[in-house]
Amino acid sequence: MNGISLIAFDFIILIVTATILAIIAKKTKQPPLIAYILTGLILGPVLLNIVSETEVIKLFSKLGIGFLLFLLGIEMNIKEIKGLLKPIASIALWQTVLQTSLAFIIPLALGFTLVETIVIALCTVFGATPVVVKLLADKDEINSLPGKIDVGVLILQDIYLVMILALFSAESLTNISAIGAAMGKFLVLVAVIGAISYLSTQYFLPKVFKKIAENKHTFFVYGVAWAFLFIGMSTYLGLSIEIGAFLAGLGLGQMPYRNELKDRVRPLTNFFIVIFFSSIGLTLGISNITAYWLEAVIASIILVIGNFWIMFFLIKRQGFDKETTFLGSINMTQVSEFSLIVATMAVGVQTGVLGQIGHDILGYVSVMAIITIPVSAYLINYNHQIYEKVEHLFKPFKNVKRHGESLKRLENHAIIVGYNDTAQRILPAINYYFKQVAIVDRNTKNVDLLEKEPVEYIFGDFKHVEMRNAAALTQADLIISFADEKIVDEKILEHCKEEAIVFQVARDPTTAAELYGLGADYVIQEDALANEKMKEYLKTYLENKEQFKKEIKTDEESIMWGGRCD
Amino acid sequence: MIELITSLTAIFLAAAAVLFIFNKLNHPTIPAYLVAGILISSIVDKATVMSLAEVGVAFLVFIFGVSLKLKKTEKVIESTLIITLGQIAAVSIIVYSMAFAIGFTITEAVYLAIVSSISSSLIGLEIMEGGKVKQAYKRICISINLIQDLVVILLFLILASIPLAIRTTIPNLFVGVILLSIGIVMRPLLSNLIENLKRSGEIAMLIAVSTLLIFTGIAGYAGISIVVGAFAAGLALSKPPYDEEVINTVEPLKYFFSAIFFVSLGALIVIPTISTLLIALGLIFTITILRPFITLLLIQIKGYSKGTSYMAAFNMDQMSEFALILAIAGFTALHIRETVFQAIILAAIITMITSAYTSRYLWEIYDKLEKYWFIGLTDKKYVDAKVPEDIEKHFIIGGYNEQGKELAHFLIGNDQKVVIIDNDPERILEAKQNRVNYIYGDMMLQGTWEKAKHEKAKMIIQIASVKNLLNKTLELETKADKVLRVRTVKEAKGYLKKCTYVMIPHYLAVERLIEHIAGCIESESYRVRLREINKREMSWLK
């Protein structure tokens, strides 16, 4: 294995540069996304011109968006956002209309021709799904109310975007009925794939996952295979990778395994998405950038401000509170990196009488993306701080609250990690003391049982951060862990709130002493407790055998009739 | 691009399908991937996919390197170093001379020898648990596999420079040693870096991948095997506790790319020719029969009991993952012919699957074979026991672990006669020091129990909660009361009517537990007191 076919210079330089810049970004508290975009600009034709977009980089960046959207789909629990669907649809529709008009007016006013204006408008109307999703996920805000609104709007936009891509890739744009047919076909296909995803996660996948979810490795391969199945299906049908991946994730998002799967797929996604963001810069040439840079800067400023107010008006209109509206709007102020793709495709399209679209348009759109994406990265990163600073300016807006109560949160609850016989036997006592109980367990045999219990059931390994977030570890009052795994116990003690009561399990005195040292309230040593009892029995046995027989009789009966009814 | 995505789709769908069946049959993962590869060999674009597969190899070896705990490793290696080196030497000499005699080239004979002398491995992760592994034979397996892995990495360094010549081999060795040393030197630096970044998962992953790419890149450009580079990179990131961070974030990448590696390896398999089949048969015989017997002999010479050495040796009756990497490396470097390559992959699939079966029925097979000479030198010489000839009305305790120890000493304290049985030399040593009657032997064997005078005992307490041991204890003909320790209520139900009492630790423990929980919730002072008392007691016990 001496070949260096993949581990090639371009790829190594790209990753290493991205890593170094990401470390610097982290140190200077900048969003890592900026580091990745800079990587591409530095290494690409704009600055050093030492790395070109190789096949592997192309593949990985494709997989990057695919897996990001897959994760996003997993993140969407339909039950949780049901109440939001209507307002989101309305916002998305109006936003598209209003922003398209804004995006149309600006270039027209800047002196572009009508055709150019149309292309630019189509290119710059979208928000950048990967950017918003990545930044919100990094900040753990994707499940907040503004996060859900934004992501919902972006997804609807993406569907609209893919339709436009389909338009540009069509051979001719002259025939209205052909366009209509293409659109109709597209919508039908999306609906069919969505239905396949949904139905299989209702009837087919639960059975499969039950068999394999305990094996970490197999479980992961299944998740990836499922994503590829839909990616393959949608590329075969001429849809985009993103739509397929999103629909695949959406189905899995409705299953109890979602948190564990998210945790496993996230590192893979992070890896690919770094390449994706870096590769944006690789495609830009220096000549592209200089042609219309002034126009692009002006347009960017107008667009950022305009987009914010359009979103603000629309979200507010749906009756969300001030803060949600503000955050939901400030997250959506960028031009999508897809605009580059759309522009690239448009450049090649012959529009008949209107003539060909110039290459400089691509430069114009690129500059807008380069300006608005980093700006919005900062806006998203510091959205709360900005809101605090400017809150007083928004006083005139009344605070009517119609949505948002539906998102339930765990608070002052009990968490049981690992559902074994003991957990089952102490559960009634815990339920007596706590209104909310979360059980985190990774045994597939318990899935059906626990889904019926009146507890918040989370499938997964508590060692992983997703599971700890889902169980709201930082908010819990009582944590009883049967995990018997040192990393899990350490993580619990590290992240729980100070006054929380923590019970943990240890096999031997050494571990027990360590856990006490870290702050555990009580370390359960089953064997020691059991030995105490056993010694009592043996003492009785030595003194009075009949008495011993009587005593163990009760135990035997309770073992026989107690325990799980399996 | 589209073709690549189609290939990847095919790879993962086939892997998922075959894994489903293999999981059901309790078969291991890797042969499942190889079989999946065979199924889709016509669809996959092999040349491009193979370059992704290379990344899989890098990640596999990298994670192995990361999970090596240098300190623990030393300890683990010590116990079986001579056995392992002896085993590797013996098997490779036999295979090499056979292969050479039949007419293989020297290089091919060397490859065949290496491939057949190492067993399944890349078990780095298990080593972390090394301290926890209680059964002696498992500890031996882990140790032997670890040493083999390290030997193989060295061999990669040498094999890459075939044909051996001082002009190329010495510089190669030099580069390898330098890479490894850089890896070790960088350990503290990189762990500081990760600590400094507040253990951000994403950046830890990037640092890990960058390190891996740089090391493998250097290895690649210097013309040595990327396996060595990946291993050095792993070492660079192996410093606890950050290794956990690295493993957690890089493991999905390893799964992803190693799946691609193994499936695309499977895709290279063609319908075997007669000579391929013959070579494969030879390898299978060596791996499943010849090598285990050599290992068994060596372990016994070292002083382990018959049963332990049998279990250890026959648990390693499969081909190594490293052998697969070696095979493809040799094939692409034109060191071995296609027939040899095909035979190695074929033998790997078969031995990995058969091994899953043999390990399931090992004890049953042992019961049948135990009486024959070839299972071992006579047991007498090695079995150690101290039991008074006239003992009666005594307690026999199976397993001298924490629980067994506590109960044994409790009974001795109450003027009872006690015999303990264990097959772990370390525990026996402890029993000797504590002046407890002991038998060093396998509880699966009738002879062991006879030595313990089970028919005259008052009570037998079986602490080892292993199914076949529990059953063996139940089968013993004696009037003694039998107490079994079992882990779950479900299992306990099966034993309830067949013995005097079944102790389930958590069952006995649960009442006290509920008391403590309620106490902590209701009263802060209860909580403080409970913690203080137990904390003190634990640190005292420790």
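# Close-up views of a predicted two-chain model

**View 1. The interface of chain A and chain B.** Chain A and chain B together bury about 10300 Å², and carbon and sulfur atoms account for 71% of that area. The model is predicted. Chain A brings 111 residues to the contact, and chain B brings 108 residues. Polar contacts also cross between chain A and chain B: 19 residue pairs, with both partners at pLDDT 80 or more. On the side of chain A that touches chain B, helix H25 (residues 526–543) of chain A gives the most, with 14 residues. By residue type, that side of chain A holds 63 nonpolar, 20 polar and 28 charged residues.

**View 2. Salt bridges across the interface.** Four salt bridges span the interface of chain A and chain B. Side chains of opposite charge can pair when their charged atoms come close. One salt bridge pairs B:Arg527 with A:Asp521, with 2.8 Å between the closest N and O atoms. Another salt bridge joins B:Asp481 to A:Lys545, at 3.1 Å from N to O. B:Asp481 sits in strand E6 (residues 481–485) of chain B and A:Lys545 in helix H26 (residues 545–561) of chain A, so this pair joins two chains. Are its two partners buried or partly exposed? B:Asp481 is buried, at 10% relative accessible area. A:Lys545 is partly exposed, with a relative accessibility of 37%.

View 3. Over all chains, the structure holds 10 salt bridges. One of them links A:Asp477 and A:Lys497 through their side chains, at 2.9 Å from N to O. A:Asp477 is partly exposed, with 24% relative accessibility. A:Lys497 has 19% relative accessibility and counts as buried, because buried means under 20%.

View 4. B:Glu430 and B:Lys405 form a salt bridge, their closest N and O atoms 2.5 Å apart. This pair links distant parts of the chain, 25 residues apart: B:Glu430 lies in helix H18 (residues 425–433) of chain B, and B:Lys405 in helix H17 (residues 402–413) of chain B. B:Glu430 is partly exposed at 28% relative accessibility. B:Lys405 is buried at 18%. Elsewhere, A:Asp521, B:Glu524 and B:Arg527 form one network through salt bridges that share partners.

**View 5. The largest nonpolar core.** Which residues touch the most other members of the largest nonpolar core? In this core of 300 residues, they are A:Phe60, A:Phe67, A:Phe271, B:Phe62, B:Phe256 and B:Phe257. Setting aside neighbours within four places in sequence, B:Phe257 contacts A:Phe60, A:Phe271 and A:Phe272 in chain A. Within chain B, the contacts of B:Phe257 are B:Leu52, B:Val55, B:Gly56 and B:Phe59. Another core, of 62 residues, lies apart from the largest one; its members include B:Ile140, B:Tyr304, B:Ala457 and B:Ile463.

**View 6. Helix H23 of chain A and its surroundings.** Chain A has 26 helices and six strands. In H23(A), the buried residues include A:Val488, A:Asp489, A:Lys491, A:Ile492 and A:Leu493. What do the buried residues of H23(A) pack against? Their partners in chain A are strand E1 (414–417), H22, E4, E5 and helix H24 (509–518). Across chain A as a whole, 59% of the 566 residues count as buried. Among its contacts between residues at least 6 apart in sequence, 71% join residues at least 24 apart.

**View 7. B:Cys141 in its helix.** B:Cys141 is located in helix H7 (residues 136–159) of chain B. This cysteine is buried, with 10% relative accessible area. Leaving out neighbours within four places in sequence, B:Cys141 touches B:Ala312, B:Asn315 and B:Met316. B:Ala36 lies 105 residues from B:Cys141 in sequence, and 29 Å from it in space, C-alpha to C-alpha.

How values were computed. Residues are numbered from 1 along each chain as its sequence is written. Chains are lettered from A and ligands numbered from 1 in the order in which they are written. This is a predicted model: local features need pLDDT of at least 70, side-chain atom pairs count only at pLDDT 80 or more; totals for chains, interfaces and linings use all residues. Side-chain values use heavy atoms; hydrogens and water are left out. Contact means heavy atoms within 4.5 Å. Buried area is the accessible area (1.4 Å probe) that two parts lose on being put together, summed over both. A polar contact is a pair of N or O atoms within 3.5 Å; within protein, one must be able to donate a hydrogen and the other to accept it, and residues adjacent in sequence count only if both atoms are side-chain atoms. Helices (H or I, at least four residues) and strands (E, at least two) are DSSP runs, numbered from the N terminus. Ala, Val, Leu, Ile, Met, Phe, Trp, Tyr, Cys and Pro count as nonpolar, Asp, Glu, Lys and Arg as charged, and the others, Gly among them, as polar. A nonpolar core is a set of buried Ala, Val, Leu, Ile, Met, Phe, Trp, Tyr and Cys residues joined through side-chain atoms within 4.5 Å. Buried means under 20% relative accessible area, exposed over 50%, partly exposed in between (1.4 Å probe, protein chains only).
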